[in-house]
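Welcome, and please take a moment to look over the chain shown here.

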Amino acid sequence: MYTPTDAEKKAVKGRGFLANSQGGGFSARIITVNGVITHEQARTIAEAAEKFGNGEVAFTTRLTVELPGVKYEDIEAFTEFIGKAVWRHLLGQACKGYCLNS
């Protein structure tokens, strides 16, 4: 597995990918609207967890969804997979990570 540089880690952190301290990879954060997701979104998140992560999905106290275990080299494919489904990435706005389309 590729080991990203500190600059690469910083760049993807601004896109909602936090470096995992154990096991390598990144946790992809998905921002929800008040912690609510549809069954279609839940299915897409589960598929993304299996395809790109370690198969786990975590819900945070801030009502976001995290998918741990995403490899650095899979970040772009993950972004495209989530984006084509029901999420979009908002750059340069208050919402970082993956945000629900309104």
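The report below goes from the overall layout to individual residues.

## The overall layout

Please keep in mind that this is a predicted model. The chain holds three helices and six strands. Followed along the sequence, these elements come in the order α-β-β-α-β-β-α-β-β.

The chain has 102 residues, and 34% of them are buried. Its accessible surface is about 6,200 Å², with 51% of that belonging to carbon and sulfur atoms. Contacts also reach along the sequence: of those between residues at least 6 apart, 53% join residues at least 24 apart.

How confident is the predictor? The mean pLDDT of the chain is 82, and 82% of the residues reach 70 or more. Where pLDDT is low, the predicted coordinates should not be read in detail.

## The nonpolar core

Which residues of the largest nonpolar core touch the most other members? They are Phe17, Leu67 and Phe78, in a core of 15 residues. At least two residues of this core come from each of β2, α2, β4 and α3. Helix α2 gives the largest share, with four residues. As a general background, nonpolar side chains in soluble globular proteins tend to be buried together.

## Aromatic pairs

Five aromatic pairs turn up in a search of the whole structure. One of them joins Phe26 and Tyr72, whose rings are tilted, with 6.1 Å from centre to centre and 45 degrees between the planes. This pair brings together distant parts of the chain, since Phe26 sits in strand β2 (residues 26-31) and Tyr72 in the loop between β4 (64-70) and α3 (75-85), 46 residues apart. Phe26 counts as buried because its relative accessibility is 3%, whereas Tyr72, at 22%, counts as partly exposed.

Another pair is made by Phe52 and Phe81, this time edge-to-face, with centres 5.6 Å apart and 65 degrees between the planes. It also links distant parts of the chain: Phe52 belongs to helix α2 (residues 39-52) and Phe81 to helix α3, 29 residues apart. Phe52 has a relative accessibility of 8%, so this residue counts as buried. Phe81 has a relative accessible area of 23% and is therefore partly exposed.

Phe52 and Phe81 also belong to one aromatic cluster, together with Phe17 and Phe78.

## A buried glutamate

Where is Glu66 found? Glu66 is part of strand β4. Its relative accessible area is 15%, and because buried means under 20%, Glu66 counts as buried. The side chain of Glu66 makes a polar contact of 2.6 Å with the side chain of Arg29. Beyond its neighbours within four places in sequence, Glu66 is in contact with several residues, including Leu18, Ser27, Ala28, Glu56, Val57 and Thr60.

## Residues in the loops

Asn34 is not a glycine, yet has a positive phi of about 55 degrees. Leu63, likewise a residue other than glycine, has a positive phi near 65 degrees. For background, most residues other than glycine have a negative phi.

Asn34 lies in the loop between β2 and α2, and Leu63 in the loop between β3 (58-59) and β4. Are these residues buried, partly exposed or exposed? Asn34 counts as exposed because its relative accessibility is 65%, while Leu63, at 45%, counts as partly exposed.

Gly24 is found in another loop, the one between β1 (17-19) and β2. With 28% relative accessibility, Gly24 counts as partly exposed. Gly24 and Thr3 are 21 residues apart in sequence, and their C-alpha atoms are 8.6 Å apart in space.

## Accessibility at a glance

| Residue | Relative accessibility | Class |
|---|---|---|
| Phe26 | 3% | buried |
| Phe52 | 8% | buried |
| Glu66 | 15% | buried |
| Tyr72 | 22% | partly exposed |
| Phe81 | 23% | partly exposed |
| Gly24 | 28% | partly exposed |
| Leu63 | 45% | partly exposed |
| Asn34 | 65% | exposed |

Terms used
Residues are numbered from 1 along each chain as its sequence is written. This is a predicted model: local features need pLDDT of at least 70, side-chain atom pairs count only at pLDDT 80 or more; totals for chains, interfaces and linings use all residues. Side-chain values use heavy atoms; hydrogens and water are left out. Buried means under 20% relative accessible area, exposed over 50%, partly exposed in between (1.4 Å probe, protein chains only). Contact means heavy atoms within 4.5 Å. Accessible areas come from the Shrake-Rupley method with a 1.4 Å probe; for residues, only the protein chains shown count as cover. pLDDT is the predictor's confidence in each residue, from 0 to 100. Rings of Phe, Tyr and Trp (its six-membered ring) pair if their centres lie within 6.5 Å; planes under 30 degrees apart count as stacked, over 60 as edge-to-face and the rest as tilted. A polar contact is a pair of N or O atoms within 3.5 Å; within protein, one must be able to donate a hydrogen and the other to accept it, and residues adjacent in sequence count only if both atoms are side-chain atoms. A nonpolar core is a set of buried Ala, Val, Leu, Ile, Met, Phe, Trp, Tyr and Cys residues joined through side-chain atoms within 4.5 Å.
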